[in-house]
Amino acid sequence: MAVSKVTVAAPAGSGVFTRPNWDAGWLSWLTTVDHKRLGLLYIFTSFLFMSAASIEAFLIRLQLAVPNNTVLNPDAYNQMFTMHGVTMVFLAIMPLGIGFANYFVPLQIGARDLAFPRLNAFGYWIYAVGGLFVYSSFFLGGAPDAGWFAYSPLTSLSNNPGNGTDFYMIGLFVGGIGTLVTAMNLIVTIISMRAPGMTMMRVPVFTWMMLVTAFMIIFAFPPLTIALFQVIMDRTFGTLFYVPQAGAMPILWQHLFWIFGHPEVYIIVLPAFGVISEVIPTFSRKPLFGYPVIILSGIFIGFMGFAVWSHHMFTTGLGPVVNTAFALTSFVIGIPTGIKIFNWVGTIWGGKVVFTTSMLYAISFLITFTIGGITGIMLAVPPFDAQAQDSYFVVAHFHYVMGGGALMAFFAGVYYWFPKMSGKMMDERIGKLGFWFLVPGLHLIFFPQHIAGLMGMPRRTQTYVAGIGLELPNLLSTAGTFVMMIGLILLAVNLVHGLLRGKPAGNDPWDGRTLEWATTSPPPHHDFDRQPVVNDRDAHWVQKYPESVHGHRVPESASEPYDANGIHMPGQSWYPFIMGIAFLPFSYGLLYHNFWVLGLSILIFFVGTFGWAFEGVGGHHLPAGGHAHPKGARS
Amino acid sequence: MESGHYRSTKLPDIKLMMWIFLASDTMFFGTLIGTYLVYKGRSLVGPYPVEVLDIPLTTVSTFVLLMSSFLMVLALHALRQDDTFRFRLWTFGVAFFGSIFLGFQVYEFAHFVDLGLTLQGNLFGTTFFVLTGTHGVHVTIGVIWLLSILVHSFVKPWTSKDEVYLEVAGLYWHFVDVVWIVIFTVVYLVEFA
Ligand SMILES: [Cu+2]
């Protein structure tokens, strides 16, 4: 951990590099430490990876459209489903949540930035580097092909001699470091940088869910990181962690992977719950029903998420006692999720519902996620799981949860927050048209897979024979991809259209409830002109409509000037970018056993850590009251 | 970080950050120790733990590391008193004792390799070297960190105002020390119990 040791802001130019101070131009994006810009970078990058994953999924479905198809050979097929899973989980959905968190957590709690702005930039660059590294495998001898959970001993050198597995192990190892530091940064930010008056029980639900998520990350990623490290050691230095001939137990990988893997489900889904908890009250024009219950059940999920991992391993022979215990914990974790569903329905109930595109996605989330939850409870029953294990029923289940659940919630978030991030509105007609392709398309893809799975169609298998009843569900599934693809294209068109032609959004187009709607759209570089002061939950709403909350009440002050030092704007820095990029020589050096290149990267880390520390936070102060915008200081 | 902006807790950001990092690091070591325990007694060929582990030797190095934690407390106390000389002396002492511990570890590793215990030889070698090696890397980072503080204190004198930066390094150091106590118990002592 490089913890900055220098107390005072070092003057510009005290380090090796001149401290950049650009407001515009593409170089300013490389050196930015601004949470809003980094949030946009996360969201943009995750969309790029999501496009790649969509193409992979599309190829998989083309291959499975008819029996005995030959679009993809078995080897290419293995790479496609592996990369689709890896990309969606690690490079698309999770970073999308982190991107929203970067942009909106500081705004929702009235903070100026994250606690460690440079560390935040560092986290983004490692994520980008890790993702690019994994994707470079396509050009360097073949992508990973052992499934997204890369079970041992499929990943041993003797069983999988190509480089693909090394790309998986090293890429996720590196990317995981980025996720870890960003999670730590978010925790410090949410605990320490809430605006005056914002007690924990006034924190917006999205931010609350990100806090729980960040805690889950710091406890769930280490087991994965160590497991990846062990396989890297096995493949690079010949250790014996997963070599059965030496007495090792490959099942250890499954335990370590799922001790991470099940919490990962909630690391993806809790931010989605957070988005839903912002969207539904706003468009129902009612406060969230049962705020404390939503928060507490989120925390409960955070704990229980670590106590259910073996439900992924019911068929590995752990015995009836273990299976029963994990079945019970898995039933229990369904309860807080169910409670949340009732909270959201209760919020809509009796509200003046506004059916914006965002709200449509939120409602589709409620329905689709509930179906995914029900099949999840079915799979938590060990005898049923023994039948459905490794079949398309499981594929259908987790796509209802991840795709129909988390992703739809994030699309609701895209439509909800786009006006704030860009200052422009997305088109509601294109949006609704896209919705009516995207969501029915999604169900058309995945609903028939339940049936195919119950009929015995195994997952991760390149083809199937004709005449056993699998033709129709598979054809419907593939047809669904075309429908959903139209919806995705319309979403992309709408984003571009919004950026180029969108109508001005104004500060608060949805009549929002939380603090991000109190500043301009897009927010100025320094976020808020004055320090927000919070008097109640739904801080912005109670300022606008004090009488609707507590009867007739004189509105209390919504803000105060920043103290005499003014608004501190941390300086831009080259170090996060350089230290992030240094993971490229690290990764390739490790992969190709070139220890000179590896050594070079370690030298860069070593020197960079000192440069980073002695450079300090730096920056400048805007005058208190903060009306002076530095030139071009929009983000 | 130090912008004078409003903070909702009294805790300095970097101190909170260090606590959170250590919570996460606990899971890193927990996984490594867990792996060691899962594979304990599963090596198919020697050398086995009882044949190579040298309790008296490692007891000495453990004692040295424990004493370094004691010096860490003294160093922080001296800095709080603005006693620059003792602050520098004890900080150097911590780094020096840490280096002695690392010297013991290098000797131990070399000795074990001579006895035939290697990373690739058996499961005990694999799990032992990766676990204790990871701990050694932590100690090394701590030594470099403390020496950097020492050198920096000659460039720009440290006062009690800088206390939190030493305290954070100290938290890290004590943590690494505690982890060693667990490793010493689980890997060394239990073997002869
Ligand atoms: Cu699970």
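Author: A cavity is a set of points, on a 1 Å grid over the protein atoms alone, where a 1.4 Å probe fits but cannot get out; its lining residues have an atom within 4 Å of a point. This is a predicted model, in which local features need pLDDT of at least 70 and side-chain atom pairs count only at pLDDT 80 or more, while totals for chains, interfaces and linings use all residues. Side-chain values use heavy atoms, leaving out hydrogens and water; residues are numbered from 1 along each chain as its sequence is written, and chains are lettered from A and ligands numbered from 1 in the order in which they are written.

Reader: Which helix gives the most residues to the lining of the largest cavity?

Author: The lining has 16 residues, and the closest to the centre are Phe90(A), Met94(A), Tyr127(A), Gly175(A) and Thr179(A). Helix H3 (74–109), helix H4 (117–136) and helix H5 (164–192) of chain A each supply at least two lining residues (helices are DSSP runs of H or I, at least four residues, numbered from the N terminus). The most, six residues, come from H5(A).

Reader: Now the metal. Which residues are the protein donors of the copper ion?

Author: Donors are N, O and S atoms within 2.8 Å of the metal (3.2 Å for Na, K and Ca); water is not among the atoms, so sites may look incomplete. Along the chain, the donors of the copper ion follow the spacing H-x48-H-H. Lying 1.7 to 2.0 Å from the ion, through ND1, NE2 and NE2 in that order, are His262(A), His311(A) and His312(A).

Reader: How many residues apart are His262(A) and His311(A)?

Author: At 7% relative accessible area, His262(A) is buried, and His311(A) counts as buried at 14%. His262(A) belongs to helix H7 (residues 251–284) of chain A, and His311(A) to the loop between helix H8 (291–304) and helix H9 (320–348). The pair links distant parts of the chain, and the separation in residues is 49.

Reader: What does Ser277(A) touch?

Author: Ser277(A) is also placed in helix H7 of chain A. Its relative accessibility of 4% is why Ser277(A) counts as buried. Leaving out residues up to four places away in sequence, its contacts are Val205(A), Leu288(A), Ile294(A) and Trp344(A).

Reader: And in chain B, how far apart in space are Arg80(B) and Asp162(B)?

Author: Arg80(B) is part of helix H3 (residues 55–80) of chain B, and counts as partly exposed at 40% relative accessibility. Beyond four places in sequence, Arg80(B) is in contact with Ser160(B), Glu163(B) and Glu167(B). Arg80(B) and Asp162(B) are 82 residues apart in sequence, yet their C-alpha to C-alpha distance is 8.8 Å.

Terms used
Buried < 20%, exposed > 50% of the residue type's maximum accessible area, 1.4 Å probe, protein only. 1 Å grid on protein atoms, 1.4 Å probe; cavity = no way out; pocket = protein on both sides within 12 Å on 5 of 7 lines; lining within 4 Å. Contact = heavy atoms within 4.5 Å.
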